[in-house]
Amino acid sequence: MVHQSLNARRRRLLLAGGAGAALSACSSLTLLPEAAPALRPAPELLDGVPAAPREFRAAWVATVANIDWPSKPGLPAEQQQAEMRAMLDQAVALKLNAIVLQIRTSADALYESALEPWSEFLSGVQGQSPGYDPLALWISEAHARGLELHAWFNPFRARPSAAKSGPAPSHLSQTQPAWVKRYGDQLWIDPGEADAATHTLAVFADVLRRYDVDGIHIDDYFYPYPVQDPASKAEIDFPDDPAWQRYLQGGGTLGRADWRRRNVDELVRRLHAQIRQIKPWVRFGISPFGLGKPALRPPGIAGFSQYDKLYADVERWLSEGWMDYLAPQLYWPRAQTPQAFAPLLDYWRAQNPQGRHVWAGLFTSRITDKPESWPIEEIEAQIALVREKAPGSGHLHFSMVALTQNRRGIADALKAKAYAEPALVPATPWLEADAPAAAQLAVAREGQVLRLTLQPGAGSKPVTRYALWLRRGGAWQFHAPAGEELRVASEGVDAVLVSALDRVGNEGPRTAYLLPT
């Protein structure tokens, strides 16, 4: 079953306290027999409780070239899994709420697939199983921690520069060589080959049907970034003559650049429609290069044109509503005038007549141990700018390794300031407009601990998580428990407010209760 209730999907205890009363280990307490304090409904409290904080806080986990995970190919399964759990635990410690995991780097798979071979970045040999299903485990471990898992695909790359293994017999370069073109030191699936596009869509559909992903995500690789001839330094055109000639012979009238853009447009449009048909609650996200069409750019903005070179008409996709979120790669510092962060953020937010989410991609991995490293204050300031310009929106870090390594103390700084409080993923109401029923709450005292148990209300639509507020000393504190139970220090708690959220983040009615002191 897909998107089951928390009863089946997320049974994990999350220790959380507040106002200095957080519990670090319940085992250190003497637990008394359970006593259920009487709850008194208190609707008069509802108006005084703030809205649940909303912000998409995510990190990309890149598997190509082992950028993030696993740390190198050929590790034993147990070590790969230990690295995975450490990354997810760090995400929880930082109060992130989503991971974007790369599961198809180059017509390969980081999951059990009958369509494409195992990725070489797992075992070191393309086509060789790692002995478990990484995607299935990432999903279950992420969900157990209250994190969303978005599956990230490269739709057209067939062999990256970092590849070392020979191709598996089942790889497209071997089974469908007419679809695959060499370009520079890479292999690329030709977007103009209709059957190749159909195959790629089948790969997306296979994952959608078999795995409980929260999102489907593609990045900036459409047609490849241009390469130059080593001798002449002239830009080499992508070798798609066979598909182009068939188009012309069939009566096509577009110019070659517009034809290429149409090929990419059609993949995006069809993928969006396919997701809506198979699992309409799964969000579709695109993370393009951060500069828009040259003709539309803000004054002073200059640089590479993905519209002219990658044949990506991102503005059209936003205008048509062919995605649920856009995560433009705004990978430049605020002071770099030709690609300044703030004007580019404003630009992409303005190209959005359908009101889709726009979440900034941050180049956190520019923080290194080298002299040219960005200061951690650059990332902190960019997060502050996103919050100032688009409260309740969000951002993604490229990539998770910078946070797990805590480069120059960036993770500590975010934990202490920008991520001091948890946040829920912003709702996507255009996918599902209604909300869950009011949540049910049971409270038990166990010595100095309150155990709060949350359940969906009678007849509720599927619930994926809960929002909960505790009042101590007249102040409300927000919690986003990972599962159905939350244990907190009982001292000073005199009121509780709860609500349920559905699979696209819509919040149901809130219910408030007073507790006897």
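Which residue in strand 11 is the bridge partner of isoleucine 286? It is leucine 326. The two belong to a predicted model, where local features need pLDDT of at least 70, side-chain atom pairs count only at pLDDT 80 or more, and totals for chains, interfaces and linings use all residues. Residues are numbered from 1 along each chain as its sequence is written, and side-chain values use heavy atoms, with hydrogens and water left out.

Strands and helices here are DSSP runs numbered from the N terminus, with at least two residues (E) for a strand and at least four (H or I) for a helix. Two strands count as paired if DSSP finds at least two bridges between them. On that basis, nine strands line up in an open sheet with parallel pairing, in the order 12-11-10-9-5-4-3-14-13. The edges go to strand 12 (357-358) and strand 13 (360-362); each has a single partner strand, so one side of each lacks a neighbour in the sheet. Strand 10 (residues 283-286) runs parallel to strand 11 (residues 325-326), and two bridges hold the pairing. Helix 6 (residues 194-210) packs on this sheet, touching strand 4 (98-104), strand 5 (148-153) and strand 9 (215-218), where contact means heavy atoms within 4.5 Å. The direction of helix 6 makes about 135 degrees with that of strand 4; axes are lines fitted to C-alpha atoms, for helices over the stretch in contact, and angles run from 0 to 180 degrees between N-to-C directions. Helix 11 (residues 341-350) also packs on the sheet, with strand 11, strand 12 and strand 13 as its contacts and an angle of about 150 degrees to strand 13.

As for charged pairs, a salt bridge is taken as a side-chain nitrogen of Lys or Arg within 4 Å of a carboxyl oxygen of Asp or Glu. The count by this rule is 34 salt bridges. One of them joins arginine 283 to glutamate 148, at 3.0 Å from N to O. This pair links distant parts of the chain, with arginine 283 in strand 10 and glutamate 148 in strand 5, 135 residues apart. Burial is read from relative accessible area with a 1.4 Å probe and protein chains only: under 20% is buried, over 50% exposed, and in between partly exposed. Arginine 283 is buried at 1%, and glutamate 148 is buried at 12%.

Another salt bridge brings arginine 316 and aspartate 265 together, their closest N and O atoms being 2.9 Å apart. Arginine 316 sits in helix 10 (residues 314-320) and aspartate 265 in helix 8 (residues 256-278), so the pair ties together parts 51 residues apart in sequence. Here arginine 316 is partly exposed at 33%, while aspartate 265 is buried at 6%. Glutamate 446 and arginine 451 also meet in a salt bridge, at 2.7 Å from N to O. Glutamate 446 is buried, with a relative accessible area of 6%, and arginine 451 is buried too, at 12%. Elsewhere, shared partners join Asp237, Asp240, Asp241, Arg256 and Arg260 into one salt-bridge network.

The backbone has a few spots worth a look. Most residues other than glycine have a negative phi, and most peptide bonds are trans. In the loop between strand 3 (56-61) and helix 2 (77-93) lies proline 70, and the peptide bond from tryptophan 69 to proline 70 is cis, with omega near -20 degrees. That loop between strand 3 and helix 2 also holds asparagine 66, whose phi is positive, near 55 degrees. Asparagine 66 is buried, at 11%. A cis peptide bond also joins phenylalanine 398 and serine 399, with omega about 5 degrees; serine 399 lies in the loop between strand 14 (394-397) and helix 13 (400-404). Asparagine 406 is found in the loop between helix 13 and helix 14 (410-416). Phi of asparagine 406 is positive, near 50 degrees, and asparagine 406 is partly exposed at 22%.

Finally, the inside of the model. On a 1 Å grid over the protein atoms alone, a cavity is a set of points where a 1.4 Å probe fits but cannot get out, and lining residues have an atom within 4 Å of a point. Grid points are joined across faces, edges and corners, and a volume is the space filled by probe spheres set on the points. The structure holds one cavity of 30 Å³ or more. The largest cavity has a volume of about 200 Å³. Its lining comprises 20 residues, of which Glu148, Val425, Thr464, Arg465 and Asp502 lie nearest the centre.

Technical notes:
1 Å grid on protein atoms, 1.4 Å probe; cavity = no way out; pocket = protein on both sides within 12 Å on 5 of 7 lines; lining within 4 Å.
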